[in-house]
Every structure is written in structure tokens, then in C-alpha cells.
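Trainee: I have just opened this one and would like to go through it with you. Could we take it step by step?

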Amino acid sequence: MISNKIQLGCAPIAWTNDDMPELGSENTFEQCISEMALAGYTGTEIGNKYPKNPKVLKEYLELRNLKVASAWFSAFLTTKPFEETKKEFIKHRDFLHAMGAKVIVVAEQGHSIQGKIKEPVFENKPYFTEQEWDKLTKGLESLGELAHEKGMEIVYHHHMGTGVQTTEEIDRLMQNTDSDKVKLLFDTGHLVFSGEDPMEIFNKYQSRIQHIHFKDIREKVAKEVKEKKDSFLTAVKKGTFTVPGDGMIDFKPIMEAILKSEYEGWIIVEAEQDPAKANPYKYALKARKYIKEISGI
């Protein structure tokens, strides 16, 4: 069964890493989007090197038949006044709306250690207090309402090194937010790295999943990261993440479930690696071929 409702995109993080700009500093924006298009993708998320002017960015992307799928937004609902997040969110929303995107990726960064090079990603993972959970769920619903003003949805990105990472935390977030206002981003790599079961999460929340990230895990590296108490950024540098078809995750049953669910939206191949060690074009192409093999898309 081949779905024409699914669009395939690629994330620029394989070319230049926004959290560690030294990874891929030599790769230009134009090289990045040209190689994405060459590898057979029709969409992209946004990186720091992308033009900030929608008109300028559109022209670059249209030449390569690429569209903007979404872009990451860092929320600080648990640690800052709501008005601060709201102001930044509206700017982000309006930019994405101008680019034709339908979803806004939101991740809570209050107490996050994902960007701290010396903090062990497993041992020092943050946990929210009851009051912080309340701020998070209410704040996300408000952001969902702001997204609706432009006919868009927010998709929450569970993420390593943050307060919403585990199955239990994803469950709590989903149970305590309005399903009309807060949707979910399904990220295979973050789930498997954390020790969760991606099929369980997909089956449970498929009606709320409106954006998907496909990344794979190198089992040996992930094990070493845990044993050596490495940080998230060190895990990236060591090569914990890779593209679908190159790691430990069997994407066939995942893809079958996605197709069966009649999911509509983007699947974004996202594998943050050191481009000096993992040629971004080569890996983007590898992932594209693998997805075609297992799904026909």
C-alpha cells in the first residue's frame, strides 16, 4: 500500500549542527539543500544557515522543488514567564506560516541538558515538579491556540536530556493536554536511545501524531554513551545517531503501522552526525533508498 499523503523530507542537521556549529561549519546552505533535492527529498526543516527572509528562502527552495516542513521552537514554559515564550513563538509561527508549513515543532527547554557538553544525558536528565508540569501543559495548550490562529498545529518533540523523554513522561503530557490543541512528534531515534518502545508510542498516540522524525541508533555507540556517562552532545559526536537502514531499528513494522494508520504529513530523515565522518549526501541517499525499499514511497 503506497500512500501519497506522506511527504519525505530531510533535516539540515546532518550538514551543519545548530547546537555544535563546528560540526559542518564548512558546508554551505546551498550545498545542503541541493544535496537534499538530489537525494530525492521534497522537504526540509530549517537550520541556522537558512535565510531568515521567507521570500528569499522560498526562491532558493522552489528552484530545487523543496518545501519547508517545519522548524524547531525552544519553549521555556517551566522556567520563564509565559509572555516571553509567547512573543518568540508568534515570530516563529508567522515565519513558518509564510513558508507554508502546517506544523510547528515545540520542545520544552526549561532545565534541559541536551546542549550541555559535560552533563551525563542519562544520569542528569531533568524531572519536572508538579507546578512545572502544570505550567508546561497549560502553556502548550495556549501555544496550540496561537497556532490555530494561522490554521497550524504544534507537535511536541519528546527529546533526550529534557523533562519529556520517557514513555511515562510522554503519557503524562498527552493525558494532561487537550488533544485538539497539542499534537505529538514521533521520533524513532530519541525513543530507542531512551529505552522506549517506538511501536507502543505510535500505536497509543497515532491519532495525535502529526509529524515524524526517522533516525536510527548505532547500538554499540549508544551502549558506550550510557556506560561512560556521556552527554547528549558527546553522544552525537561519537555517532550514536545515524539514518534509517544503518542502525539497530527495524523500520519495516514502524512503516507498516504508519501506512496503515493513514498518516498524513511529513516524515523527516534526521540524523545528527559529524559530517566529516558521515558524508551527509551519502547518508541522505542511503536513507532515501531504504525507505523506498520498505514502503514503496
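Trainee: How many aromatic pairs does a search of the whole structure find?

Mentor: The search finds ten aromatic pairs, where rings of Phe, Tyr and Trp (its six-membered ring) pair if their centres lie within 6.5 Å, with planes under 30 degrees apart counted as stacked, over 60 as edge-to-face and the rest as tilted. Keep in mind that this is a predicted model, in which local features need pLDDT of at least 70, side-chain atom pairs count only at pLDDT 80 or more, and totals for chains, interfaces and linings use all residues. Residues are numbered from 1 along each chain as its sequence is written, and side-chain values use heavy atoms, with hydrogens and water left out.

Trainee: Which residues do ring pairs link into a cluster?

Mentor: The cluster consists of Phe122, Phe193, Phe232 and Phe241, linked by ring pairs. The ring of Phe122 also has the charged end of Lys226 over it, 4.8 Å from the ring centre; a charge sits over a ring if NZ of Lys or CZ of Arg is within 6 Å of the ring centre and within 35 degrees of the ring normal.

Trainee: And what does the charged end of Lys125 sit over?

Mentor: Lys125 has its charged end over the ring of Tyr127, at 4.1 Å from the centre of that ring.

Trainee: Switching to the sheet, what is the strand order?

Mentor: The nine strands form an open sheet in the order 3-2-1-11-8-7-6-5-4, with parallel pairing; two strands pair if DSSP finds at least two bridges between them, and strands (E, at least two residues) and helices (H or I, at least four) are DSSP runs numbered from the N terminus. Strand 3 and strand 4 are the edge strands, each pairing on one side only.

Trainee: How many bridges join strand 8 to strand 11?

Mentor: Three bridges join these parallel strands, and Ile212 has Ile267 in strand 11 as its bridge partner.

Trainee: Which element gives the largest share of the lining of the largest pocket?

Mentor: Helix 3 does, with four residues, while strand 4 (72–75), helix 3 (82–98) and helix 9 (232–238) each supply at least two. By class, this lining has 14 nonpolar, twelve polar and eight charged residues, where Ala, Val, Leu, Ile, Met, Phe, Trp, Tyr, Cys and Pro count as nonpolar, Asp, Glu, Lys and Arg as charged, and the others, Gly among them, as polar.
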